[in-house]
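Thanks for coming. I want to walk through one model today, starting with where its chains meet and then going to a single residue.

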Protein chains: 2
Amino acid sequence: MSFPPPSRDKPALEHGTEFTPAFDANGLVPAIATDVTTGKVLMFAWMDSAAVEATLSTGRAHFYSRSKKRQWMKGEESGNVLVVEEIRVDCDQDVLWLAVKVLGQGVACHTGAESCFYRRLVTRDGKTVLERIA
Amino acid sequence: MSFPPPSRDKPALEHGTEFTPAFDANGLVPAIATDVTTGKVLMFAWMDSAAVEATLSTGRAHFYSRSKKRQWMKGEESGNVLVVEEIRVDCDQDVLWLAVKVLGQGVACHTGAESCFYRRLVTRDGKTVLERIA
């Protein structure tokens, strides 16, 4: 299985029913994973065509690691697998949004945090610094 | 103003208080915008260093358009400006998450949809197709 190329017909691309993911020059598409219950953004990673296919066929989030240059299933080592409840695509079909449930210990970040986004930007004495919030 | 380069010290990068955004080879960092009230993912775009600075200094989301090769403020034409309530950064500081409130007509997508993610993937007769949900 592979995906049809993106339509050059903008109305079809933006309003059609055909799923034609637009991979970038490296063959990748960004994927945002949020917690299906809390709505929090858990992590951000990349998918190649095969990772999208693996995610669709297994219902578990698969990504492509740019550093390891291979596909990986989130949680393959940690057990913190992401069960995909819903996948949405954006208007021009070059970004995916996955609403997921985290198995295992329920943490999505390799640091042990629930979400990779555990720090926020705050301004102190006119300088932007990070503050841990989760 | 510019940002310090990413630390090579992993604990500092992942657990420190210094904001050192890691821009990619094109000088860009992905930015996810969610609605601060509903938690929904509204849009995804890219920021260069100047767009991050403009966002921090104005409190309104600025991005870098790869097609137009210039900075733009979301809503500069439509009026659907994104007021930034909070910015978070992920573990390795190469992705930003903005919690925003949408001004104007309250729609974040250029198509007129509230969110760019108005279609979900569904399987019909063994084929993955898109279904409009918002």
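When I say contact, I mean heavy atoms within 4.5 Å. On that basis, 44 residues of chain B are in contact with 44 residues of chain A. Please keep in mind that this is a predicted model.

Next, the area. The size of an interface is often given as the accessible area lost when the parts come together. Here the area buried between chain B and chain A is about 3,900 Å², and carbon and sulfur atoms give 63% of that. On the chain B side, the residues that lose the most area to chain A are B:Phe117, B:Arg119 and B:Leu121, together 18% of what that side buries.

Now the polar part. Between chain B and chain A the count is 28 residue pairs in polar contact, both residues being at pLDDT 80 or more. As for which elements of chain B take part, those giving two or more residues to the side that touches chain A are α1, β1, β2, β5, β6, β7 and β8. The largest share, five residues, comes from α1(B). By residue type, that side of chain B divides into 23 nonpolar, nine polar and twelve charged.

There are two salt bridges between chain B and chain A. In one of them, B:Glu86 pairs with A:Arg120, with the closest N and O atoms 3.0 Å apart. A:Arg120 also stands opposite B:Arg88 in β5(B). That brings in the strands: β7 of chain A, residues 119–124, is joined to β5(B) by two bridges, and the strands run antiparallel.

β1(B) and β2(B) run antiparallel and are joined by six bridges. One pair of bridge partners is B:Ala31 and B:Ala45, the latter in β2(B). Five residues lie between the strands of this hairpin, and B:Gly39 takes a positive phi near 80 degrees. β2(B) is mostly covered, with seven of its seven residues buried.

Last, one residue in chain A. Where is A:Phe19? A:Phe19 sits in the loop between α1 and β1 of chain A. Is A:Phe19 buried or exposed? Its relative accessible area is 2%, and buried means under 20%, so A:Phe19 counts as buried. Leaving out residues up to four places away in sequence, A:Phe19 touches residues of chain A, including A:Phe3, A:Val52 and A:Gln93, and also B:Leu121, B:Thr128 and B:Leu130. A:Gln93 is 74 residues from A:Phe19 along the chain, yet their C-alpha atoms are separated by 7.8 Å.

Note on methods
Residues numbered from 1 in each chain as written. Chains lettered and ligands numbered in written order. Predicted model: local features only at pLDDT ≥ 70, side-chain atom pairs only at ≥ 80, totals over all residues. Heavy atoms only, no water. Buried area = accessible area lost by both parts, 1.4 Å probe. Salt bridge = Lys/Arg side-chain N within 4 Å of Asp/Glu carboxyl O. Polar contact = N/O pair within 3.5 Å; in protein donor to acceptor, adjacent residues only side chain to side chain. Helix = DSSP H or I, 4+ residues; strand = E, 2+ residues; numbered from the N terminus. Nonpolar A, V, L, I, M, F, W, Y, C, P; charged D, E, K, R; others polar. Pairing = 2+ DSSP bridges. Buried < 20%, exposed > 50% of the residue type's maximum accessible area, 1.4 Å probe, protein only.
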